[in-house]
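Please open the structure in a viewer and keep the selection tool at hand.

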Protein chains: 2
Amino acid sequence: MRKMMASNIQELDTPTLLVDYKKLTKNIGEMSSFAREQGIALRPHIKTHKSIHIAKMQVEHGAVGITVAKVDEALVMASGGIKDILIAYPIASPQKIKRIVQLLQENINVKLAVDSVEQLKYLQKELEETPFTLEVWIKVNSGLNRCGVEPGKDAVKLAQAILFLSKLKLGGIFTHAGHSYGATSYYKIEQIGAQEANAVIESANACEAAGIPISVRSVGSTPTYRIAGKVKGITEIRPGNAAFFDSIQVGLGVAKEEDCALTVLASVVSKYGEERIVFDTGSKALNLDKGAHGNSTVNGFGTVVGHEEITIERLSEEHGVGTINGHTNLQMNDKVQIIPNHACTVANLFDEYVVHDDGKVINRWKVDARGMNK
Amino acid sequence: MRKMMASNIQELDTPTLLVDYKKLTKNIGEMSSFAREQGIALRPHIKTHKSIHIAKMQVEHGAVGITVAKVDEALVMASGGIKDILIAYPIASPQKIKRIVQLLQENINVKLAVDSVEQLKYLQKELEETPFTLEVWIKVNSGLNRCGVEPGKDAVKLAQAILFLSKLKLGGIFTHAGHSYGATSYYKIEQIGAQEANAVIESANACEAAGIPISVRSVGSTPTYRIAGKVKGITEIRPGNAAFFDSIQVGLGVAKEEDCALTVLASVVSKYGEERIVFDTGSKALNLDKGAHGNSTVNGFGTVVGHEEITIERLSEEHGVGTINGHTNLQMNDKVQIIPNHACTVANLFDEYVVHDDGKVINRWKVDARGMNK
């Protein structure tokens with residue numbers, strides 16, 4: 001591969017989105033190894049990378065399928081050859097359901113999140129116009145307070161409602177502990193991971209006590225999957241960000257800086273005195289994320305690799321304004337790699353990944369589902 | 001036009017980026033009228049809309065040319081037929097200068113921001129390889145403390161340095177008072193606008209006292225252009241956001257909600273009890289901007305038109321979580337228009353504008369320079 005495109009990342013124009021091939025492969029491998037050791041399934045969330053190539057790497061490493069949030073993402077991934085897709089989003093819109101039916105027509109093993117009786121009615125009605133039944137998974141709320149039914153008897157009620165509907169079949173119960181991103185210590189993440197697993201197991205057990213078997217019990221955000229995935233009775237994990245990691249994961253204590261596979265290559269636009277340095281990466285390249293769901297463990301808008309003396313204090317659209325603490329050897333036109341705070345939203349701003357190995361450009365991959373937000 | 005695509009916006013899938021044609025045309029007209037009344041030039045910043053079609057509307061309404069931040073944006077706009085372009089960004093990278101030379105080769109009347117002697121050296125060196133000279137405009141810092149030389153004698157020093165360089169010619173002095181976005185009252189915006197104009201005029205006068213004529217004196221962010229543009233001696237304004245306006249401009253008192261031409265069409269995903277409502281527009285559709293450069297006059301992550309009872313409290317990537325204050329008549333699958341906090345960064349997340357007139361879809365325009373961030 002190196003022979004094909006032998007340029008060094010330092011020769012690239014900026015801003016450019018870089019993926020470190022070795023780190024990506026290692027991160028993907030570690031998710032897979034964990035799942036294999038626990039004897040559970042891995043269904044990574046591809047909203048992080050939105051790349052068919054990376055999704056296929058994950059399947060080659062043993063993932064049973066993928067998780068997506070958007071129907072557009074599912075269609076893109078199906079077109080790339082991914083056959084088993086959970087849409088982890090409670091969709092009730094007839095327009096969107098018709099597009100899910102497209103996936104069924106293409107023999108994609110698609111499953112959809114459900115969390116209300118009203119949504120079930122829309123699904124049943126649209127599917128009655130088709131020859132298909134749709135597998136649904138009940139989403140329970142494990143503390144994020146966003147979507148999902150409350151665990152336990154509310155989950156049983158929804159499961160019973162599904163049994164009465166000819167076009168739906170119940171496949172599993174799942175949750176997303178996104179509030180782990182707001183944790184202020186790793187101890188707190190451990191607590192949230194335990195609660196996350198418990199919300200699913202409690203709901204599944206209550207369903208089984210009511211005579212409804214639940215084969216899939218799925219959990220696992222990037223901060224919690226190694227905790228929740230170890231709880232007995234859990235059958236699947238769905239980490240997304242762990243393919244790349246980012247400054248928020250480092251802040252949470254979930255990853256180390258050297259694990260982060262995604263960086264934005266930036267140039268120094270200018271230095272103003274000894275205190276201020278400006279990069280060509282503003283909010284349109286790094287985003288304004290300081291931590292999802294309340295996290296504030298990160299310092300500034302990204303980590304300038306190898307330059308601890310710099311904090312990116314302010315982002316306007318096209319300028320990243322850094323303060324220099326002490327002295328920096330950086331000069332006008334120098335290039336740096338910035339680990340973004342939130343890899344998922346940053347990947348969504350770029351059209352392609354430039355893939356490198358120790359700084360040598362070895363490939364370019366499209367961000368296939370970028371902007372596919374319907 | 002209506003006959004061509006007669007669907008109503010309520011029939012569109014979501015999230016979709018909408019532009020109200022009448023409001024856009026009115027906003028563009030008002031910028032032009034102001035400039036005409038003051039007898040000054042208008043050079044709108046197209047980073048807001050990134051659309052060739054809208055840039056051309058602005059030129060048809062009397063703009064002398066456009067402002068861009070990125071070389072990519074300049075190339076896209078030039079390919080669309082725009083002939084007069086200010087790159088309001090201090091570029092020193094040889095790679096980027098070579099791409100500016102491309103514009104000179106295409107007979108584009110391109111001008112570049114400069115703010116340091118070091119940058120001048122890079123420009124001179126690269127241009128020496130070509131038959132071209134490049135017009136440069138000195139950027140002065142009027143309080144944003146991002147880029148720009150200090151007004152007055154530092155501007156004169158830079159102007160004198162330009163005189164010595166065979167491949168550069170000095171065309172003007174300009175500034176951007178982006179710190180007006182941090183103003184807590186309209187009175188404060190008036191003060192900043194006056195300082196903005198003064199920073200340019202003081203610098204231009206100092207240059208002229210040193211025997212260097214300055215023909216263009218350019219100012220004017222969206223919050224300040226009607227203030228700074230009235231100051232005697234100013235010859236040009238460069239508002240960008242005023243084509244669309246957004247919730248931050250409303251918060252600043254610069255626009256009214258009914259002036260906002262850009263909205264994101266969203267669907268209600270679900271209602272959870274009487275307090276929580278979820279839309280299918282998270283940070284990948286609305287962005288996390290709460291106000292650039294320190295502003296905090298906005299409430300939540302966008303304004304749900306006609307639904308004051310709802311505050312979008314939290315955004316995750318694909319979910320906008322609203323709280324309901326009292327009662328709402330909104331139900332699952334209902335569609336609403338959300339005025340984003342920051343129109344410029346939201347337009348950058350979508351591939352196209354759906355243009356409507358009173359809710360009837362009349363056109364679709366590409367966001368031509370979306371993601372063109374180099």
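This is a predicted model: local features need pLDDT of at least 70, side-chain atom pairs count only at pLDDT 80 or more; totals for chains, interfaces and linings use all residues.

Begin by displaying chains A and B together. The same surface serves both copies, since 100% of the contact residues of chain A recur in chain B.

Next, show chain B as a cartoon. Eight strands form an open sheet here, with parallel pairing, in the order β2-β9-β8-β7-β6-β5-β4-β3. At the edges are β2 (41–42) and β3 (66–68) of chain B, each of which pairs on one side only. Now select residues 168–174 and 216–219 of chain B, which are strands β7 and β8; three bridges join them in the parallel sense. Within this pair, B:F174 has B:S218 in β8(B) as its bridge partner.

**The nonpolar core**

Which residues have the most contacts inside the largest nonpolar core? They are A:I87, B:I87 and B:I138, in a core of 218 residues. Select B:I138 and display its surroundings. Beyond its neighbours within four places in sequence, B:I138 is in contact with residues including B:V114, B:V149, B:L158, B:L170 and B:F174.

**Helix α6 of chain A**

Move to chain A and select residues 153–163, helix α6, where A:A155, A:V156, A:L158, A:A159 and A:I162 are buried. Looking down the axis of α6(A), one finds these buried residues within an arc of 165°, so they line one face of the helix. An α-helix has 3.6 residues a turn, so residues three or four places apart point the same way. The buried residues of α6(A) pack against β5 (109–114), α5 (117–128), β6 (134–139), β7 (168–174) and α7 (186–209) of chain A. On the face turned away from the buried side are the exposed residues A:K153 and A:K157.

**Glutamate A:E236**

Finally, select A:E236, in strand β9 (residues 236–237) of chain A. Is A:E236 buried or exposed? Its relative accessibility is 3%, so A:E236 counts as buried. The side chain of A:E236 makes a polar contact of 2.7 Å with the side chain of A:S218. Other residues that A:E236 touches include A:I40, A:R43, A:V64 and A:W137.

Technical notes
Residues are numbered from 1 along each chain as its sequence is written. Chains are lettered from A and ligands numbered from 1 in the order in which they are written. Side-chain values use heavy atoms; hydrogens and water are left out. Contact means heavy atoms within 4.5 Å. Helices (H or I, at least four residues) and strands (E, at least two) are DSSP runs, numbered from the N terminus. Buried means under 20% relative accessible area, exposed over 50%, partly exposed in between (1.4 Å probe, protein chains only). A polar contact is a pair of N or O atoms within 3.5 Å; within protein, one must be able to donate a hydrogen and the other to accept it, and residues adjacent in sequence count only if both atoms are side-chain atoms. The arc is that of the directions from the helix axis to the C-beta atoms. A nonpolar core is a set of buried Ala, Val, Leu, Ile, Met, Phe, Trp, Tyr and Cys residues joined through side-chain atoms within 4.5 Å. Two strands pair if DSSP finds at least two bridges between them.
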